[in-house]
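Please read it with the sequence and coordinates at hand.

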Amino acid sequence: MMAFSQAAIKVNSGSGDPKVSKGRSQTSSVLTALWSPPQRRNSASHAEAVCKCAQPNRAKGSRGNRPLQKGVIMRAIWKRELQAYFLTPTGYVFMGVFLLLSSVMFYLQIMQARSSDLPTFVGQMSYLWMLLSPVLTMRLLAEERQRRTDQLLLTSPVSLSGMVLGKYAAAYTVMAATVVLTLGFVAVVAVYGRVYPAEMAVAYLGFILQGGAFLALDLFISGCAKNQVTAAVFAFGANFVLWMLDLLENAVNSSFFSSVLSFFSLYQRAEPFLMGQLSAASVVYDITFAAAFLLLTIHTLDARRYRGE
């Protein structure tokens with residue numbers, strides 16, 4: 001009992017002020033590394049210092065053996081990754097290219113055709129997830145592995161689920177902010193035509209759920225890749241395969257294989273939303289799809305931690 005008390009707190013003989021325990025100091029150091037912006041985190045001296053203080057304390061009764069709370073880790077990584085999106089061109093490139101392409105589609109499909117068919121326009125915008133979601137996810141885990149800074153997280157008392165969810169939440173936040181900006185197209189149509197709010201709310205719900213599913217898939221690929229370029233290429237390939245499921249469904253003659261391909265198609269799942277129908281099955285499928293790939297990402301990182309990679 002006395003040994004544990006001496007390990008947990010040391011008293012300065014001169015002033016009598018208690019000093020923070022080693023485990024608590026370790027936790028503060030890891031959180032400082034997670035909250036720090038990318039420039040500071042990439043410095044060699046800072047990384048070396050964090051790696052030293054992030055090593056789990058093996059002493060009996062030490063707080064260092066306890067993993068940091070998932071919620072604290074998730075918030076810290078969410079803030080750091082969100083800052084990284086806008087301290088680098090990644091966030092601006094994603095939002096700029098997405099809005100540029102969607103503006104061209106809006107002009108051709110709505111303005112030039114003098115149409116107010118916004119659900120169909122939202123359905124056309126969903127193809128942009130296939131092209132641009134790898135931009136958001138390619139650096140989240142692959143960059144950590146390429147620079148070997150992932151060892152700071154894999155060897156520290158950090159919850160892997162909190163880390164993955166924090167990175168996913170940061171990418172989802174940038175995606176959601178971009179979707180909010182596309183509401184300007186709805187406002188333009190509302191000025192010159194008629195918009196049905198309930199119909200648009202359902203269409204946008206399916207739109208953002210589908211985007212979250214693509215982000216989860218591409219984040220898993222980023223966790224498997226060794227660099228950002230590989231992550232982007234393979235993520236685009238996987239997204240393209242999902243798009244090809246619709247073409248294969250019409251090409252196969254077997255009704256069984258056609259139904260299987262239709263079941264796994266994210267684009268087929270979005271059809272009820274575009275028709276103004278709030279489909280519980282499609283909502284559950286999109287959420288389950290995203291959750292499954294997030295769990296696979298956590299399992300992949302846990303396997304790397306176990307192997308010591």
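R114 lies in the loop between α6 (90-111) and α7 (118-125), where helices (H or I, at least four residues) and strands (E, at least two) are DSSP runs numbered from the N terminus. This is a predicted model, in which local features need pLDDT of at least 70 and side-chain atom pairs count only at pLDDT 80 or more, while totals for chains, interfaces and linings use all residues. Residues are numbered from 1 along each chain as its sequence is written, and side-chain values use heavy atoms, with hydrogens and water left out.

Although R114 is not a glycine, its phi is positive, at about 50°. Two exposed residues are listed below, where exposed means over 50% relative accessible area, buried under 20%, and partly exposed in between (1.4 Å probe, protein chains only).

| Residue | Relative accessible area |
|---|---|
| R114 | 79% |
| L100 | 56% |

L100, placed in helix α6, belongs to a nonpolar surface patch of about 860 Å² that also includes V104, Y107 and V188. Such patches are made of residues with over 30% relative accessible area and no salt bridge, nonpolar side chains (Val, Leu, Ile, Met, Phe, Trp, Tyr) being joined within 5 Å and like charges within 9 Å; a salt bridge is a side-chain nitrogen of Lys or Arg within 4 Å of a carboxyl oxygen of Asp or Glu. Helix α6 gives the largest share of the nonpolar patch, five residues.

For the protein as a whole, the secondary structure comes to 17 helices and two strands, and 46% of the 309 residues count as buried.

Note on methods. Accessible areas come from the Shrake-Rupley method with a 1.4 Å probe; for residues, only the protein chains shown count as cover.
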